[in-house]
Amino acid sequence: MSPAIYAAGALCWRVVDDRIVVLVVHRTKYGDVTIPKGKVDPGETLPQTAVREIHEETGLRIGLGVPLGVSTYPLSSGREKIVHYWAAEVSEKAIARSSFVPNGEIAAIEWVTIKKARGYLTYERDVEILDAFDALVHQGITSTFALIALRHGKAAPREHWDGSDAARPLTERGVKQAAGDVATLQAWKPKRIVTSDAVRCVTTVAPLAAATGIKPVRDHGISQDAYEEGQPEVRRVIGKRIRSRKTAVLCSHGPVLPEIMREIALATGTMPGGYLNDAADLDTGGFSVVHLSATNPASGIVSIETYAPVEVRS
């Protein structure tokens with residue numbers, strides 16, 4: 001059996017005259033109306049693909065919001081196509097900077113109401129993605145932000161290190177993990193980077209800081225030293241990040257990550273559960289994206305995505 005084809009896209013939305021409108025594309029070749037998406041390029045992660053494809057098809061540069069679901073369907077070739085979708089709020093700045101012109105693939109792009117889109121889209125599978133977004137709208141969840149809990153890259157083992165634990169450096173593999181995470185993390189357009197002051201964490205976020213121009217904030221409160229001394233300040237750090245309602249990357253350590261997840265749940269009134277431990281159980285260089293509503297704090301954690309590290313090749 002031939003391997004499945006993976007693709008990714010986004011349901012782009014914005015508010016016009018106090019109404020939510022979503023973006024649909026009219027495809028030239030197929031003569032249909034659909035949600036913008038495209039196939040994964042070699043070496044890409046699905047979030048990277050979604051951001052790239054939206055820009056290529058619509059001229060819009062976006063940051064991803066909450067995941068909306070997965071469509072699976074057979075192609076005429078007999079292969080299966082699996083498409084992952086996210087919501088994506090489009091800013092006025094992105095609209096003004098759009099580079100779209102009709103081309104051989106997309107004849108036109110159109111902003112329509114959710115109601116019109118429901119009867120407009122050619123494929124029922126697209127309507128299901130639209131319905132998932134509409135369900136969030138009815139819950140008062142439109143604008144969202146994410147707290148991204150990142151575990152530092154692979155570090156030199158304690159037993160092979162003569163200096164302080166906080167001074168342990170990344171291994172060559174850890175350096176590759178840190179570099180490999182950058183493109184995927186950028187898909188959510190982080191605005192802040194907060195890191196433990198341990199060398200292995202500071203080094204892990206360095207490539208992301210260089211790519212985004214964001215200066216990392218070093219905070220001993222989410223360090224392993226503070227945790228082992230019984231004086232972590234995770235609640236303070238998480239509270240500040242939630243109040244700011246801006247997407248942030250928080251780089252910390254394996255033992256501290258469950259506390260980070262727990263404090264996010266407590267700060268948003270979310271019921272605890274095993275899912276929090278699952279989200280905290282990360283390999284080195286892995287991260288979990290915790291989506292929160294900026295418009296309805298009472299909604300708690302909206303969803304969590306977890307990603308393994310991608311190690312760049314030398």
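A residue is called buried when its relative accessible area is under 20%, exposed when it is over 50%, and partly exposed in between (1.4 Å probe, protein chains only). The structure above is a predicted model, in which local features need pLDDT of at least 70, side-chain atom pairs count only at pLDDT 80 or more, and totals for chains, interfaces and linings use all residues. Residues are numbered from 1 along each chain as its sequence is written, and side-chain values use heavy atoms, with hydrogens and water left out.

Let's start with the salt bridges. Side chains of opposite charge can pair when their charged atoms come close. The rule used here asks for a side-chain nitrogen of Lys or Arg within 4 Å of a carboxyl oxygen of Asp or Glu, and it gives a count of 18 salt bridges. One of them joins Glu 110 to Lys 116, with 3.9 Å between the closest N and O atoms. Glu 110 counts as partly exposed because its relative accessibility is 23%, and Lys 116 is partly exposed too, at 43%.

Compare that with Asp 32 and Arg 27, whose closest N and O atoms are 2.7 Å apart; both of these residues are buried. Another pair is Asp 219 and Arg 236, at 2.8 Å. This pair links distant parts of the chain, 17 residues apart: Asp 219 sits in the loop between β10 (217-218) and α7 (224-228), and Arg 236 in helix α8 (residues 234-244). Helices (H or I, at least four residues) and strands (E, at least two) are DSSP runs, numbered from the N terminus. Asp 219 is buried, at 13%, while Arg 236 is partly exposed, at 40%.

Arg 52 and Glu 53 are among the buried residues of α1. Just after α1, Gly 59 has a positive phi of about 80°.

Most residues other than glycine have a negative phi. Asp 17, though not a glycine, has a positive phi of about 50°; this residue lies in the loop between β1 (5-16) and β2 (19-27) and is exposed, at 69%.

Finally, what about the cysteines? With a disulfide taken as a pair of cysteine sulfur atoms within 2.5 Å, the whole structure has 0 disulfides. For Cys 251, the nearest cysteine sulfur, that of Cys 201, is 3.9 Å away. Cys 251 is buried, with a relative accessible area of 0%.
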